[in-house]
Structure formats: C-alpha cells, structure tokens
Amino acid sequence: MSSRKIGDVILDVQNISLSFGGVKALTDISFNVREHEVRAIIGPNGAGKSSMLNCINGVYLPQQGSISFRGKTFKHMNSRQVAEMGVARTFQNLALFKGMSVLDNIMTGRNLKMKSGLFAQALRWGPAEREELQHREFVEHIIDFLEIQAHRKTPVGRLPYGLQKRVDLGRALAMEPQVLLLDEPMAGMNVEEKQDMSRFILDVNDEFGATIVLIEHDMGVVMDISDRVVVLDYGKKIGDGTPDEVRSNENVIRAYLGVEH
Ligand SMILES: Nc1ncnc2c1ncn2[C@@H]1O[C@H](COP(=O)(O)OP(=O)(O)O)[C@@H](O)[C@H]1O
Ligand SMILES: [Mg+2]
C-alpha cells in the first residue's frame, strides 16, 4: 500500500433503498468513501453491487436515501451531472466502440471537457482545432501511462479482452475523475492481466490522486489493494471495515468467503 494520505469523506451514501417491482436490489445501504481511498464493494452475484454503482452515478434513481458528494447532497441527479462533478465509471460489460481505434475511444472520454460545439469541431474551426490538439495530447499521455502505445490505432474489437478493459479504464481516466467507479475491472482476466490491472488501479490512485470505488470478485485482489471493504448480500450490508476486519466477520464468512461464486 502506498504512502498517499487518505482524506475526508468525499462520497457519503445514506440509507439507499432501490427496488425493481418486487425485487429489492438494495435495502437501507449506508457507507462512505474517503478521498484518495481504494474502497471495495464485494458480495455474491445479485447482491446489488452494480445497482449501488448505478445509484451513485445517476443511472438508477433509488426510492429512498441520498448521496452526498463533498458534503453536497443530491437525490435526483442524472449521469451527466454526476460526471460533471468528477465521477467516472467503467462498466461490467464493456461499453466501448469496437470498430473505433484505441485513441478515438479514449477521446470519447474527453467529450465533457470540450468547450467548442460539435459543429466547430467537425469543421476543425479555429479554436476548436487547437482545443482538439490539447485533448489529443492529454489522451496520448493516458495511452503512455497505460502502456498501450503500440495499439493506439488498433480497432478496440481486435484487442485481447484484458487490453480492452485497459482501454475502458483509459476512457474513464480521460474524464480526469476525482472518483473512479470500477465495476469488475478484472472479470474474465487471467492472473497476469489481473496483476497488471491491479497495478494500474493503484497507480491511478497514487499518481492521479483519484479515489477508487471498486467492485471485484477476486478476494485476493480485493484484500491486496483496498483500504476498506463494504460487503453486500441480498441487497443488505453485512460487513464494512478493513480487509482484515471483513475477513474475520462471521456474517461475511457465512455469506461469502466460504462459498465459491
Ligand atoms: N434494471 C434492472 N431491472 C430489474 N432488476 C434488476 C435491474 N438491475 C438489477 N436488478 C436486480 O437487482 C438485483 C441486484 O443486481 P446487481 O446490482 O446487478 O447485483 P450484482 O452486481 O451484485 O451482481 C438482482 O436481483 C438483479 O436481478
Ligand atoms: Mg454486477
């Protein structure tokens, strides 16, 4: 674990409940995330982990509860507003444009930052052209950081899965997020790819100073890279603490750790 300083609460989830018809995806969930922390959310399939991230980034609207970002509470906020506040995410199922190059996919993450309208951009009109150059430079920096220079022009669909996940991380980083929500960034990866991704997540945390909220199934990875862990089971919170605390929590052992998912 690095020497970075963990700060005040940046994200505070208060009493969130969410249901779909008769299905209670989340029941009265509260937890907080501190600035610069790596915070993991674990739990069996269907526990409500992805739903929780979807509430945080404004994709799902919970029936109850609220979420505060840097002390500012919001109940109804759409994904664009959340993004503008500095929260970016990656998806459990990749949401990249397979036919587009690595560079162009990561550029889509800059859209929010672009001031000139699409029309000016399309015509490469004066300020728009200069602006695009600056964005490209930033994106090249991310490409170097993620060590995917050799694939800059490759259509994403032709890359191995592990590298596609890395491009997805790059797209999220292009938003210069203060909080990065990662939904199973290592799902489907082999051991070596997982190690690489763990290292990139820790580097993002260290070098970009981003706060990380991470859903992950691999308990080894979770225990290695997270500062604190929230455990969900059937939409309820059954554990919350350091990896060691969670590992020795009876409810967690019963619900999750002893069972293969
Ligand atoms: N859009 C949706 N419509 C209906 N049910 C949903 C929807 N999203 C999630 N659920 C249900 O909510 C529960 C939690 O799902 P999810 O958050 O995806 O769990 P996890 O990510 O922990 O596997 C599941 O029972 C799932 O079927
Ligand atoms: Mg999920």
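Begin at the ligand: select Tyr60, where a polar side-chain atom lies 3.0 Å from a nitrogen atom of ligand 1. This is a polar contact, that is, a pair of N or O atoms within 3.5 Å; within protein, one must be able to donate a hydrogen and the other to accept it, and residues adjacent in sequence count only if both atoms are side-chain atoms.

The model is predicted: local features need pLDDT of at least 70 and side-chain atom pairs count only at pLDDT 80 or more, while totals for chains, interfaces and linings use all residues. Residues are numbered from 1 along each chain as its sequence is written, chains are lettered from A and ligands numbered from 1 in the order in which they are written, and side-chain values use heavy atoms, with hydrogens and water left out.

**Around ligand 1**

Next, select Gly48 and Ser50. A polar backbone atom of Gly48 is 3.0 Å from an oxygen atom of ligand 1, and a backbone N or O atom of Ser50 lies 2.9 Å from an oxygen atom of the ligand. Of the 560 Å² of accessible area that ligand 1 has on its own, the protein covers 62%; such areas come from the Shrake-Rupley method with a 1.4 Å probe, and for residues only the protein chains shown count as cover.

Which elements give two or more residues to the shell around ligand 1? They are strand E2 (23–34) and helix H1 (49–56). The largest share, three residues, comes from H1. Helices (H or I, at least four residues) and strands (E, at least two) are DSSP runs, numbered from the N terminus. Now display the whole shell, which includes Phe20, Val23, Pro44, Lys49 and Ser51; a residue is near the ligand if one of its heavy atoms lies within 4 Å of it.

**The two domains**

Colour domain 1 (1–86 + 177–261) and domain 2 (96–174) separately; such bounds come from an automatic or database domain assignment. Their C-alpha centres lie 26 Å apart. Across the boundary, 22 residues of domain 1 are in contact with 11 residues of domain 2, contact meaning heavy atoms within 4.5 Å.

**The nonpolar cores**

Select Ile106 and Leu180, the residues with the most contacts inside the largest nonpolar core, which has 37 residues. Elements giving two or more residues to this core include helix H3 (102–108), helix H6 (161–173) and strand E7 (179–183). A nonpolar core is a set of buried Ala, Val, Leu, Ile, Met, Phe, Trp, Tyr and Cys residues joined through side-chain atoms within 4.5 Å. Buried means under 20% relative accessible area, exposed over 50%, and partly exposed in between (1.4 Å probe, protein chains only).

Then select Val13, Ile41, Met52 and Leu181, which belong to a second, separate core of 29 residues.

**Arg39**

Move to Arg39 in strand E3 (residues 38–42). Is Arg39 buried or exposed? Arg39 is buried, with a relative accessible area of 0%. A polar atom of its side chain lies 2.9 Å from the backbone oxygen of Asn32. Residues touched by Arg39, beyond those up to four places away in sequence, include Phe31, Ile212, Arg228 and Asp240.

**Two loop residues**

Finish with Glu176, in the loop between H6 and E7, and Glu184, in the loop between E7 and H7. Phi of Glu176 is near 50 degrees, a positive value in a residue other than glycine, and phi of Glu184 is likewise near 50 degrees. Glu176 is partly exposed, at 37% relative accessibility, whereas Glu184 is buried, at 8%.
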